[in-house]
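Could you walk me through this structure in plain words? I am new to it and would like to know where to look, one part after another.

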Amino acid sequence: MDLDETKSSEDYSAVDARIELVLGDITQMDVEAVVNAANESLLGGGGVDGAIHRAAGPALLDECRRLGGCPTGEARITRGHDLPATYVIHTVGPVWQGGQENEAELLAKCYRSVFRIASAGGIGSLAFPCISCGVFAYPVEEAAAIALAEVRRGLRDEPGIIRVALVCYDEQCLAAYRRLLEPDGEQDGTQA
């Protein structure tokens with residue numbers, strides 16, 4: 001192993017210590033901002049988006065109406081209203097179309113946009129859902145690999161963000177992240 005490979009492994013170890021895997025309800029996370037896997041209207045929908053809107057209450061919808069939507073790959077921030085989180089960072093992931101429509105780059109851009117907003121706002125902790133893996137049908141294994149690469153990059157580049165929870169709504173998503181974070185089968189005290 002050369003010096004660059006050693007440094008890279010050490011960097012991942014320090015960054016990975018700031019990543020938490022959670023099987024559960026993103027609306028109950030004790031973080032400064034939860035990330036909403038929204039649609040372009042930002043006016044609520046199904047899955048994570050619907051759950052966040054229901055838990056945050058009608059004031060979230062009122063605030064989202066004033067934002068005028070959000071293009072795929074970008075993000076917008078609102079207050080958390082009735083959520084434990086102070087903020088909601090809404091991002092619009094791509095709809096899976098077989099991988100031929102720039103989906104991977106758009107999904108990566110979602111994470112970068114969220115980190116940019118979090119850093120600018122002095123937000124130190126985030127909870128991400130499995131963006132685009134619900135009704136947008138992005139393959140979980142591919143989405144998890146992109147998510148983890150971008151979360152690692154964001155944590156490396158933004159030292160003020162000290163904790164990221166990857167919140168999985170099902171065992172399939174959790175298993176995909178575990179395979180990426182624990183390739184040797186080690187357990188890390190993951191919450192479930």
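In this predicted model, Ser125 finds its bridge partner in strand β6 at Arg163. Ser125 belongs to strand β5 (residues 125-128), which pairs with β6 in the parallel sense over four bridges. To get from β5 to β6, the chain passes through helix α5 (residues 140-157), and this β-α-β crossover is right-handed. Right-handed here means that, with the strands pointing away from the viewer, the path from the first strand over the helix to the second runs clockwise. Helices (H or I, at least four residues) and strands (E, at least two) are DSSP runs, numbered from the N terminus, and two strands count as paired if DSSP finds at least two bridges between them.

Strand β6, residues 163-168, also pairs with β1 (residues 19-23): the two run parallel and are joined by five bridges. One of the residues to look for is Glu20, whose bridge partner in β6 is Ala165. Is β6 mostly covered or mostly open? It is mostly covered, as five of its six residues are buried. Buried stands for a relative accessible area under 20%, exposed for one over 50%, and partly exposed for anything in between (1.4 Å probe, protein chains only).

Residues are numbered from 1 along each chain as its sequence is written, and side-chain values use heavy atoms, with hydrogens and water left out. Because the model is predicted, local features need pLDDT of at least 70 and side-chain atom pairs count only at pLDDT 80 or more, while totals for chains, interfaces and linings use all residues.

Now move on to helix α6, residues 171-181, where Cys173, Leu174, Ala176, Tyr177 and Leu181 are buried. They share one side of α6, because they cover an arc of only 160 degrees around the axis; the arc is that of the directions from the helix axis to the C-beta atoms. At the N-terminal end, α6 is capped by Asp170, which has a side-chain oxygen 3.3 Å from the backbone nitrogen of Gln172. A polar contact is a pair of N or O atoms within 3.5 Å; within protein, one must be able to donate a hydrogen and the other to accept it, and residues adjacent in sequence count only if both atoms are side-chain atoms.

Next comes the empty space. Rolling a probe the size of a water molecule over the atoms shows where such space is left. The search uses a 1 Å grid over the protein atoms alone: a cavity is a set of points where a 1.4 Å probe fits but cannot get out, a pocket is an open set with protein on both sides within 12 Å along at least five of seven lines, and lining residues have an atom within 4 Å of a point. Grid points are joined across faces, edges and corners, and a volume is the space filled by probe spheres set on the points.

How many cavities of 30 Å³ or more are there? The count is one, and the largest cavity holds about 30 Å³ of space. Its lining includes Tyr111, Cys130, Ala147, Cys173 and Tyr177. Helices α5 and α6 are the elements that give two or more residues to this lining, and α5 gives the most, with four. Ala147 sits in α5 and is buried, with a relative accessible area of 0%. Ala147 and Ala108 are 39 residues apart in sequence, yet 6.9 Å apart in space, C-alpha to C-alpha.

The largest pocket has about 410 Å³ of space. It is lined by 23 residues, and Ala37, Gly46, Gly47, Val48 and Asp49 lie nearest its centre. Both β2 (33-38) and α2 (47-56) supply at least two residues of the lining, with the largest share, four residues, coming from α2.

Strand β2 leads on to β4 (87-92). Six bridges join these parallel strands, and Val34 has Val88 as its bridge partner in β4. On β3 (75-79), the pairing with β4 is antiparallel and has five bridges; there, Arg76 is partnered with His90. Because five of its six residues are buried, β4 is largely enclosed by the rest of the structure.
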